[in-house]
Amino acid sequence: MMLPKIELHLHLEGAAPPAFIRGLAREKSIDINGIFDERGRYRFDSFRQFLKVYEAATSALTTPDDYARLTRAVLEESAASGVAYCETFISPDFCGGGDLGAWQDYLHAIREAAAPFDPQGITLRGIATCIRHFGPDRARQAARCAMETAGDWLVGFGMGGDENTGQPKDYAYAFDMAREAGLRLTAHAGEWRGPDAVRDTIRDLRVDRIGHGVRAIEDLALVDELAERGTVLECCPGSNIALGLYPGWRRHPINELDRRGVRVTVSTDDPPFFDTTMAREYDRLAEAFDWDDGQLRRIARTALDAAFCDGETRARILKRLEPGHA
Ligand code: ADE
Ligand code: ZN
C-alpha cells in the first residue's frame, strides 16, 4: 500500500499542470505561449524567471470557477500520490486582486470544489498568502482578506515570492493582523537567503513554521536553536534541486537537519514546474538517504502535528496515517 502523506507547502497556482493552463489560455485568447518549451512544459532557467512564468501562467486563472477546476485537478493528483491531508497557499492578490468580496467568492469556489474529496480520504485546508515582491502595502491588503475569512477552513497566513525583496520586519504589520485574527503563520525564508534570514523571520514575523528554511544548515548554532524551539521546516527538496539550490538529492540538507533534531517535513511546492509529485519526493528521499517506511511515516506524523487545522480534524486524519488503514 502507498504510504499516507501530509503536504504542508503547496502553491495552488503552482500545482496547475501546463496543459490545464494552456487550455484556459486558449479558451480566453490569452497569449502565454512563451512560457512553455517545445514539449509543452513550463520553461524557466532561474528563480526570477520561474516567478515570471508562474505569474504569467496564473494570468490564465481569471474566475472562481477556474480555481474550482484547478482545485479538483490538483486533489486528484494528490490523491494518486497517497496524500491524506494538504494545506495549500492561495493568494488574495491572484484571487480577486486584493478585493475582499472577490476573494470571498474565490475561496468559496475552492472550498466547495475540495469538499467532495474529504469522504474520499483527502482533506484540504487553505493558507492565505501575500507575495513578498508585491510589497508591504499589498501584504496588508492580503492580511485583511485573510482576517475576514479566517476560520475552520482558512487556517493560516503566509508569505511567498522573492525572498530577496525587503526585510521580514517590513511585513510584520500584516503578520500581526493575521495572528490577531487567530491564523497560524508561515513564511518562506532560508531558500534564497542564508541563516540570518531565517533568524529575522522567526523574530520579526513570529511564525510557527518556515517555508523551506534549508539554508539554516549553513549555521549549526541556528540548527540547534530550531531543534530546541521545535520550529517546523516545510522542506521541498525537489523544488530546491530543480531551481539549482543543490546539485542533487544526496546533497540536499534535509537528512542532516533531521539528524540534528530539526522537525522537517516534505512537500512539493509547485509540482508540475519541478517535475515532481509527493510520491516522487518520497521515492527520491528513500533512494538518496536510505530512508525506510518508518522514517517516512515519522515525517508524515511530524507534518500532521504541525498542520494548522483544528484538533478534531487532526485526530480524524491521524487515523488515516495508521498502518493498515484502507
Ligand atoms: N511561489 C511559488 N513557489 C515559490 C518558491 N519556491 N519560493 C518563493 N515563492 C514561491
Ligand atoms: Zn513555496
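Me: Is D290 buried or exposed in this predicted model?
Reply: The model is predicted, so local features need pLDDT of at least 70, side-chain atom pairs count only at pLDDT 80 or more, and totals for chains, interfaces and linings use all residues. D290 is found in the loop between helix 11 (278–289) and helix 12 (293–306), where helices (H or I, at least four residues) and strands (E, at least two) are DSSP runs numbered from the N terminus. Buried means under 20% relative accessible area, exposed over 50% and partly exposed in between, with a 1.4 Å probe and protein chains only. At a relative accessible area of 69%, D290 is exposed.

Me: What is the relative accessible area of H212?
Reply: H212 is found in strand 6 (residues 209–212). Its phi is near 75 degrees, a positive value in a residue other than glycine. H212 is buried, and its relative accessible area is 0%.

Me: Which residue has a side chain joined to that of T186 by a polar contact?
Reply: T186 lies in strand 5 (residues 184–189) and counts as buried at 1% relative accessibility. A polar contact is a pair of N or O atoms within 3.5 Å; within protein, one must be able to donate a hydrogen and the other to accept it, and residues adjacent in sequence count only if both atoms are side-chain atoms. At 2.7 Å, the side chain in contact with that of T186 belongs to E234.

Me: How far from a nitrogen atom of ligand 1 is an N or O atom in the side chain of D270?
Reply: Residues are numbered from 1 along each chain as its sequence is written, chains are lettered from A and ligands numbered from 1 in the order in which they are written, and side-chain values use heavy atoms, with hydrogens and water left out. A polar side-chain atom of H11 lies 3.5 Å from a nitrogen atom of ligand 1, and a backbone N or O atom of G161 lies 2.9 Å from a nitrogen atom of the ligand. For the side chain of D270, the distance is 2.8 Å.
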